[in-house]
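Hi,

Here is the model for your next look. My notes follow below it.

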Amino acid sequence: MIRHLAGKLGGALVSLLFVVALGFVLFRVIPGDPVVAMTRGRPVTGDQLAELRVRLGVDKPLPEQFVDYLTAVLRGDLGTSHVYNRPVAELIGERLWPTVLLVGTSTVLAVALGLWLGIRGAWRRGSRSDRISTGLALAQWAMPTFWLGMLLSLATGNLFPSGGMRYPDTPPDFLSQALDVAHHMVLPCLTLIAVVYAQYLLVMRSSLLEEMHADYLTTARAKGLRDDLVRRRHAVPNALLPTVTLVFLHLGLVVSGAITVETVFSWPGLGLLTYEALTGPDLPLLQGTFVLLSGAVISMNVFADLLYRVLDPRVRAS
Amino acid sequence: MTAIVWQRRRAAARATWREFAARRGGLAGLIGLAVITLLALLAPLVTDVSGLDVTRATARPWQPPSAEYWLGTDHNGRSVLLLTWWGTRVSLVVGLAATVLSVLIGTVVGIAAAHFGGWASAVLMRFTDFFLVLPSMVLAIALSTVLPRGLGTIVLAIGVTAWPATARLVRAQTLAVEARPFIERAQALGGGHGHVIGRHVLPAVLPLVFVNTTLTVASAIVLESTLSFLGLGDPTRVSWGSLLHAANVHGAVSQRAWWFLVPPGLGVVCVVLAFTLCGRALETVLNPRLKGER
């Protein structure tokens with residue numbers, strides 16, 4: 001068990017180092033001279049360029065730059081954004097909580113909705129409600145997230161704020177602030193849920209369908225258990241296992257959704273920060289969000305793997 | 001190859017087609033795709049390209065649909081119908097090209113990892129798993145930001161991020177095929193790597209790859225529209241994503257200009273649904289295990 005744990009954590013550590021190295025290749029090696037890219041379209045003298053190069057540390061050879069970069073990242077220093085002229089780590093710290101709030105709320109709601117509809121669909125397979133909910137899920141899967149967000153915003157008119165996280169003139173007490181944030185969060189949250197829940201629905205549905213013909217269900221029915229007890233106590237707990245891991249595996253998808261949703265609704269989180277960084281283009285900032293978002297998704301995957309072992313005794317035994 | 005072999009292959013293809021045509025969803029998807037492709041091909045013949053030119057737009061901007069402009073006009077006074085029609089071309093081309101690239105990478109990596117085994121396989125699979133968990137959109141955004149803007153960049157960004165799922169699938173199928181005795185027989189008779197892969201593994205893997213391709217096109221088109229929506233597309237070409245980018249930047253939502261928002265997005269939904277329906281129907285036809293279920 002401990003050996004397995006160490007192996008998993010070691011693998012995750014290697015993956016995280018990979019991400020950091022990939023960040024270096026993407027933002028330092030491929031763009032060539034970042035100074036030229038930063039100052040494109042602006043009148044600058046050769047002296048200014050040279051000074052900027054020294055300040056960014058890009059006048060040294062690449063291997064030396066990589067070592068500098070690696071030690072800086074390990075110390076938690078992600079460089080300085082040149083649009084905001086502030087440390088990237090500080091900016092990310094500010095924008096982290098709005099994203100956690102948005103992604104967390106919508107994931108919890110989407111999981112609940114997806115599992116509920118998936119269980120219902122599988123139990124009454126082929127019924128009209130099953131066909132409708134599966135078809136709807138497929139249609140929503142085909143929809144680009146940002147388009148759905150714009151349509152929702154268009155359809156609801158002035159009912160909800162069109163962007164941001166709070167109004168500037170809200171009283172500072174906790175209750176009105178919380179209500180204001182919740183009011184701003186309705187549309188982005190709805191959009192994310194609509195795009196993500198379909199995955200959970202389809203996974204839960206097919207995983208429950210696989211359990212449907214299992215012998216232990218026949219036994220449970222033969223014991224005289226009511227239909228919904230058979231479902232709740234016997235079938236669903238077993239079918240939930242693969243779904244739990246998939247909830248975490250699909251977090252990459254949620255992160256992608258968050259980037260576009262936050263862009264559409266100007267939600268001041270990491271997604272909007274990524275958008276601001278790519279329009280600059282502010283390469284140190286984009287590098288920071290790249291490393292953080294990828295690292296978060298990788299860590300979640302490892303967590304899912306470990307959770308699965310805790311939940312499923314069959315995996316633990318093998 | 002003898003005539004009998006070809007006769008058998010033709011019969012197998014006919015049987016597959018009959019089964020595919022019996023599925024309403026798949027057939028609807030195929031017809032939809034045919035119509036959309038035809039429209040995309042006809043665009044330069046039926047319509048006038050100069051209508052896309054901002055400098056030559058004469059109509060009033062933000063016009064709602066009318067008899068003259070069926071889908072209204074955009075912020076520059078161009079016809080939204082014309083823009084959406086031309087957008088089909090870029091979205092389809094990028095989606096298909098990116099898919100070909102990603103399926104190619106995935107197939108090569110998958111077959112290599114399964115066929116050669118040993119430490120090379122372990123390294124390849126470690127690499128695949130790394131890219132599999134990496135959020136593909138974040139990587140695609142990073143790639144298309146640092147590379148010069150253009151269709152090639154978008155294709156590359158999507159192709160390089162979408163392959164790991166194909167690689168896993170192909171590896172699993174290759175392992176299953178190579179465990180069969182006829183591979184051992186071929187090797188015993190002196191068949192080299194090229195012979196085994198080309199004559200035995202590829203024909204068994206290709207149907208699966210083909211299904212996977214249809215499903216990958218759908219996600220590639222969504223990814224293309226998302227990247228263009230973020231402003232990372234080719235600035236000189238009209239695509240559905242770049243139209244929605246313009247709509248967002250120029251405030252189509254606050255102008256209540258539904259006619260500028262709905263058509264490009266609907267285009268994405270139609271194409272993606274058509275490819276998904278086709279792919280799912282093909283999957284059921286070509287994968288005997290799924291038959292009779294679900």
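**Chain contacts**

In this predicted model, 34 residues of chain B are in contact with 38 residues of chain A. Contact here means that the C-beta atoms of two residues, placed from the backbone, lie within 7 Å.

Five helices of chain B give two or more residues each to the side that touches chain A: α4 (118–133), α5 (136–146), α9 (193–229), α10 (240–249) and α11 (258–286). Helices are DSSP runs (H or I, at least four residues), numbered from the N terminus; strands are E runs of at least two. α11(B) gives the most, with eight residues.

By class, this side of chain B has 24 nonpolar, eight polar and two charged residues. Ala, Val, Leu, Ile, Met, Phe, Trp, Tyr, Cys and Pro count as nonpolar; Asp, Glu, Lys and Arg as charged; the others, Gly among them, as polar.

**Domains of chain A**

Chain A is assigned domain 1 (2–74) and domain 2 (88–317). The bounds come from an automatic or database assignment. Over C-alpha atoms, the two domain centres are 32 Å apart.

In chain A, 11 residues of domain 1 are in contact with 13 residues of domain 2. On the domain 1 side, α1 (2–29) and α2 (34–38) of chain A each supply at least two residues. The largest share, eight residues, comes from α1(A). That side has eight nonpolar, two polar and one charged residues.

**Conventions**

Residues are numbered from 1 along each chain as its sequence is written, and chains are lettered from A and ligands numbered from 1 in the order written. As the model is predicted, local features need pLDDT of at least 70 and side-chain atom pairs count only at pLDDT 80 or more, while totals for chains, interfaces and linings use all residues.

Best wishes
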